[in-house]
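Subject: Structure for your review

Dear colleague,

Please find below the structure that I am handing over to you. My notes on it come after the sequence and coordinates.

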Amino acid sequence: FPLNESNETSQHVGAVSKPMPLEKERSWGRLIWAVAADLALDTVTAASGCFFFQRFCLAERTEGDFDHHRLAMASLWLATKVRETSCRLRDIVNGFEVLLQRAESCGMPMEVYWAMRDEIVVHEQVLLRGLGFDVELTSAYAYLCEFSWMLGSSESQVLRLAWTLLNDAFRCEICAMASSDRLALGCLLLALELSRRVPSLQLEAAQLSSRLERLLREPQLEEFLGLGAGGEEI
């Protein structure tokens, strides 16, 4: 499934509004995703960058006012390193600056970049400490693929909708408020519910709902998915 398959569009990612709680973090989450798409990064890298950013913002929300701009760049840069994706920090910085309309399409001057680079490195260290050096990549997409495989319907329109919903979940704080397996299953259930309202998808949604209901009653499902015996039920 493509990275840019989402209900959001990149034209409004630079807008930051203050009235709603966490709206600033959501705006920066959308921007991280847009920059990742512009740089042709894979979905897991983009989602993990958003995941690191949202986790940090939720954990440190009462501890101080951080520079969200540099924190967002540091989050995506850290995700590329954890994922071992080849991407230069300068490309990430230019991507943010261009989408924020703070630089021309050719990027910022070198001397300005080097000054910002030092600040991003500092923010990356703050980010790592805030996350407790727990920078494991998100496994939500792997769980969604597992569910798709077990349902025998990896190419269905309903599953494509679930993938889109999961993309959108990583553009806000939801991705940091639930475990990866619950997040994937929640997007799948929401996709099924939405598909029931579309005449052309109703039959497929009904069939998948029946299969999913039987699947979730399997006593060894958590163990099969690698969630461990005695763990929290999905």
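The notes that follow go from the overall fold to individual residues.

The model is predicted: local features need pLDDT of at least 70, side-chain atom pairs count only at pLDDT 80 or more, and totals for chains, interfaces and linings use all residues. Residues are numbered from 1 along each chain as its sequence is written, and side-chain values use heavy atoms, with hydrogens and water left out.

Overall fold

The protein chain contains 10 helices and zero strands, where helices (H or I, at least four residues) and strands (E, at least two) are DSSP runs numbered from the N terminus. Along the sequence this gives the pattern α-α-α-α-α-α-α-α-α-α. The chain has 234 residues, of which 49% are buried; buried means under 20% relative accessible area, exposed over 50%, and partly exposed in between (1.4 Å probe, protein chains only). Among contacts (heavy atoms within 4.5 Å) with a separation of 6 or more, 71% are between residues 24 or more positions apart.

Nonpolar core

In soluble globular proteins, nonpolar side chains tend to be buried together. The term nonpolar core is used here for a set of buried Ala, Val, Leu, Ile, Met, Phe, Trp, Tyr and Cys residues joined through side-chain atoms within 4.5 Å. The largest such core has 63 residues, and the members that touch the most others are Phe 96, Phe 170 and Leu 188. Beyond its neighbours within four places in sequence, Leu 188 contacts Leu 144, Phe 147, Leu 151, Leu 159, Ala 162 and Leu 212.

Packing of H3 against H5

Helix H3 (residues 68-82) and helix H5 (residues 110-130) have axes that come within 8 Å and cross at roughly 75 degrees. Axes are lines fitted to C-alpha atoms, for helices over the stretch in contact, and angles run from 0 to 180 degrees between N-to-C directions. H3 is therefore roughly perpendicular to H5, on a scale where angles under 35 degrees count as roughly parallel, over 145 as roughly antiparallel, 65 to 115 as roughly perpendicular and the rest as oblique. H3 contributes residues including Arg 70, Met 73, Trp 77 and Leu 78 to the contact, and H5 contributes residues including Met 116, Glu 119, Ile 120 and Leu 127. By class, 10 nonpolar, three polar and four charged residues take part; Ala, Val, Leu, Ile, Met, Phe, Trp, Tyr, Cys and Pro count as nonpolar, Asp, Glu, Lys and Arg as charged, and the others, Gly among them, as polar.

Salt bridges

There are 10 salt bridges in the structure, each defined as a side-chain nitrogen of Lys or Arg within 4 Å of a carboxyl oxygen of Asp or Glu. Arg 70 is buried at 16% relative accessible area. One of its partners is Asp 67, with the closest N and O atoms 3.3 Å apart; Asp 67 is partly exposed at 30%. Arg 70 also forms a salt bridge with Glu 119, where the closest N and O atoms are 2.2 Å apart. That pair links distant parts of the chain, helix H3 and helix H5, across 49 residues. Glu 119 is partly exposed, at 35%.

Arg 55 is buried at 19%, whereas Asp 134 is partly exposed at 39%.

Individual residues

Leu 39 lies in the loop between helix H1 (23-38) and H2. Its C-alpha is 7.5 Å from that of Gly 95, although the two residues are 56 apart in sequence. Not counting residues up to four places away, Leu 39 touches Cys 87, Asp 91 and Ile 92.

Most residues other than glycine have a negative phi. Ala 40, in the loop between H1 and H2, has a positive phi near 60 degrees and is exposed at 66% relative accessibility. Phe 133, in the loop between H5 and H6, likewise has a positive phi near 60 degrees and is exposed at 58%.

Yours sincerely
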